[in-house]
Amino acid sequence: AEAIEAARLWLSYLPLNWRGDLPSYEPEAPAAPLTAATIPERESQPFDIHDVIDGLVDDDSFFEVKELFAPELVVGLGRMAGETIGIVANNSMAKGGVLFTDSADKAARFIWLCDAYSIPLIYLADVPGFMIGSEVERGGIIRHGAKMVSAVASATVPQFCVIVRKAYGAGLYAMGGPGFAPDATIALPTARIAVMGPEAAVNAVYANKIAQIEADEGEAARDDFIAARRAEYEEDVDLERLAADLVLDQVIEPEQLRDELLARLRHARGRDRTFSERRRGIPPV
């Protein structure tokens, strides 16, 4: 009985067929408002991305898919102002939100489903990137990751990338980042876009120099050098600079995000989505 009820609820988000309009329902306010306090500013501090989702969608309208499978990535259907939307979100509470082979497969299939039924997609990015190491490489992380990136790149439905906190490396592309020209890339004040985090970047580029300074001049000199290099790096990836370079379409406070997305979703419905005569793409398998 529970499974049948869940199936009925799931189908309530979908049109009768791919040509049909998405169902509309009475708009409701979110269960709890999204505020700056919802999102920890320190990127190394994990938090539950469901709190952000609950602050965006209508009250009790989020239907999560495969909740127990690859929990580092949250996917599901919800409603905003009574209209169906799909959400793909990194969850730092599970494995730091890093993308693995299973989470990439989970995302790819969900994105294909939303694209098949003309459901707009909202990506909530808080991702340090794809997992690295010999074990995941043997498991096909590049192939599985490419499948997710391919799904994002080929989707023709409205797509909105919200940088909640960090979005590093290929993770930015996998989460619908500006490289794939989504309908909008919106950053919260806690956002940071880069190849990698400041600490990792400084260690990668200056490892030998840091070791030499520590040996010759001591820990204090080493710490000063690292702090200076980190400041340079952080200035280079500053949000205002990224917005000036049109990498970002908008930097917005969390309290304004839902209204902004609703306005952009309304405008996106009228956009011409016909861009190719091909029957379908060829995703990596």
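**Chat about helix packing**

Modeller: Starting with H3 in this predicted model: its buried residues pack against strands E1 (63–65), E2 (73–80), E3 (83–90) and E4 (121–127), and against helices H4 (134–138) and H5 (141–154).

Colleague: OK, and which residues of H3 are buried?

Modeller: Thr 101, Ser 103, Ala 104, Lys 106, Ala 107, Ala 108, Phe 110, Ile 111 and Cys 114.

Colleague: How many residues does H3 have, and how far does it reach from first C-alpha to last?

Modeller: H3 covers residues 101–116, so to speak 16 residues, and reaches 23 Å, close to the 22 Å expected at 1.5 Å a residue.

Colleague: You listed H5 as a neighbour. At what angle do the axes of H3 and H5 cross?

Modeller: Roughly 20°, and the axes come within 8 Å. Angles under 35 degrees count as roughly parallel, so H3 and H5 are roughly parallel to each other.

Colleague: Is the crossing left-handed or right-handed?

Modeller: H3 passes H5 in a left-handed crossing.

Colleague: Which residues meet there?

Modeller: From H3, Thr 101, Ala 104, Asp 105, Ala 107, Ala 108, Ile 111, Trp 112 and Asp 115. From H5, they meet Ile 141, His 144, Gly 145, Lys 147, Met 148, Ala 151, Val 152 and Ser 154. By class, that contact has nine nonpolar, four polar and three charged residues.

Colleague: Switching to H7 and H8: what angle do they pack at?

Modeller: About 155°, with the axes of H7 (residues 198–217) and H8 (residues 219–236) 9 Å apart. That makes H7 roughly antiparallel to H8, and their crossing is right-handed.

Colleague: Which residues make the contact?

Modeller: On the H7 side they include Val 202, Tyr 206, Lys 209, Ile 210 and Glu 214. On the H8 side, Phe 225, Ile 226, Arg 229, Arg 230 and Tyr 233 are among them. The residues of this contact divide into 10 nonpolar, no polar and nine charged.

Colleague: Is Ala 181 buried or exposed?

Modeller: Ala 181 counts as exposed, at 57% relative accessibility.

Definitions and conventions: Residues numbered from 1 in each chain as written. Predicted model: local features only at pLDDT ≥ 70, side-chain atom pairs only at ≥ 80, totals over all residues. Heavy atoms only, no water. Axes fitted to C-alpha atoms, helices over the stretch in contact; angles between N-to-C directions. Helix = DSSP H or I, 4+ residues; strand = E, 2+ residues; numbered from the N terminus. Parallel < 35°, antiparallel > 145°, perpendicular 65-115°, else oblique. Left-handed = near helix turned anticlockwise from the far one by under 90°. Contact = heavy atoms within 4.5 Å. Nonpolar A, V, L, I, M, F, W, Y, C, P; charged D, E, K, R; others polar. Expected span 1.5 Å × (residues − 1). Buried < 20%, exposed > 50% of the residue type's maximum accessible area, 1.4 Å probe, protein only.
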